[in-house]
Amino acid sequence: MKNKLLITLICFCAYSTISFAQSDDVIAKAYMKRANGAAGNIDFEGARISFDKAMKRMDTILDKKVAALGSIIYFEVHHQRPTEKEQLEFLEKARDYSRQYFLLEKNTSSEDYLNNTEHSILILESIEILESKIQEAELERLRKEKELRKIDSLKTLWKNKSDLLTLKVDSIYAFNKNNIAVYQKEDNFGVIDDRGKILIEASEYKEAINSEGFILLLNKKEETNKIYCFNTNDKTGFLLPSASDFNSLSTHYGKIMLPRGNGRLVTYPNNSFQPMVYDLNVKQIVRISNKTELFKNLKKSDVIGKYNKDGEVKVGKTWYIFGGHLGGGIHPLYLEGNYNIDAFLCSIDGKRIYTANGLEYIGAFYNDKSQAYKKGKTMWINQNGTKVSKAKDEYADYEGDSKVVRLNEGQYQIMKNGVIVIGDAELERMGDFLRKHKGN
């Protein structure tokens, strides 16, 4: 019984296979007929679709006409493919079908053979042209890729160089006529030139005063006991004598006035009956060389009434400790036992400017003007204490061509004629740098 069933099953499978084979053959012929018809109507894309459906039901091509049709169809539609790679794939299929034709065609002298030979040559030439184009495109892609890698590398190199030429500071103030500026880093002040060269490191001084060619760096905002002066005229710096060198009882410089263009600086040390007048050009404290002679002249001019060997002068009915000379004939006057100035004597007309009226300090006299503090605010006066217009800082106007560029917070660069500079180092803008180096 089992044997009969097995024989029956085998027979059924064999029959089915034959039936399916016959069915595929019929369907393949039908699709091939459609492909022929479409090709005859110049609908090669439609012909390709039908041809492919036929080929799915055929194991191999045994008919030379089918091979020739396939070659023609794939050649005619290859240029419609969206990419050159796909076009080449279609041409290679056309070539393969053409080769199959020549395997099946035995009559090498027939017109059909000659026509297919011409067609085969056309396919091979088209493949050669397309392969050359693809190769050129690939070489161009590789060249561009290499160029992009080089550009990326150059950008990285430029960025690294740019970082080295970036000043890590919080602020850079205006350059003066001598191409020097104050800069700030965190809570400290220093000195920099217009090529980004740090002249005095911002690491110690908490305050800066920039006036008329001189920069003063103070170690404290209040009760300053250390002053570093940078002379922008000769690019030299030095420490001022301590307040105690001027007066043994003084522990700090007190009020510090603006340095003037003639190099004179006035400070008011604590516990002192005399302001400290310092010449920043010759680096020495300025004192009246012959006080007695000065007193004689002041008495002769009726500016003072009397004077004595202790350095005291009588103005009106009051005896004062004479506080030296601020320039312009202006002299501080102190009362015995009081380190605060009582009045300023203007020798040009004998006028006294009383500090009780609000004028607290007067600075060095230069260009017919003195800086003064009245009720905590700066003003400018002439030789007899009359308020005048603000003194012009002849060093304030920068004449160079450097520009300070803020990159980010705490990052600056100095641009000079379109080039980033720090000291002797220079770097072109990125675009110029890439154009200069990408061809090397």
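Author: Let's start with pairing: two strands pair if DSSP finds at least two bridges between them. Strands here are DSSP runs of E with at least two residues, helices are runs of H or I with at least four, and both are numbered from the N terminus. This is a predicted model, where local features need pLDDT of at least 70 and side-chain atom pairs 80 or more, while totals for chains, interfaces and linings use all residues. Residues count from 1 along each chain as its sequence is written, and side-chain values use heavy atoms, without hydrogens or water.

Reader: Okay, what is the strand order in the open sheet of four strands?

Author: Reading across, you get S23-S24-S25-S26, with antiparallel pairing. S23 (402-408) and S26 (425-428) are at the edges; each has a single partner strand, so one side of each lacks a neighbour in the sheet. On average, neighbouring strands here are turned by 40° against each other, direction ignored.

Reader: How many bridges join S23 to S24?

Author: Six, linking S23 with S24 (residues 411-416). For instance, Arg406 has Tyr412 in S24 as its bridge partner.

Reader: And how do I read a helix pair?

Author: Two packed helices are described by the angle between their axes and the distance between the axes. Here H4 (residues 84-104) packs against H5 (residues 111-164) at about 155°, and the axes are 9 Å apart. Axes are lines fitted to C-alpha atoms, for helices over the stretch in contact, and angles run from 0 to 180 degrees between N-to-C directions. So H4 is roughly antiparallel to H5 (an angle over 145 degrees).

Reader: Which residue classes make up the contact of H4 with H5?

Author: That contact has 11 nonpolar, six polar and seven charged residues. Asp, Glu, Lys and Arg count as charged; Ala, Val, Leu, Ile, Met, Phe, Trp, Tyr, Cys and Pro as nonpolar; the others, Gly among them, as polar.

Reader: How much space lies in the largest pocket?

Author: About 340 Å³. A pocket is an open set of points on a 1 Å grid over the protein atoms alone, where a 1.4 Å probe fits, with protein on both sides within 12 Å along at least five of seven lines; lining residues have an atom within 4 Å of a point. The volume is the space filled by probe spheres set on the points. Of its 18 lining residues, Ile209, Leu218, Lys221, Lys255 and Ile256 are closest to the centre. S5 gives the largest share of that lining, four residues. By class, the lining has seven nonpolar, six polar and five charged residues.

Terms used:
Parallel < 35°, antiparallel > 145°, perpendicular 65-115°, else oblique.
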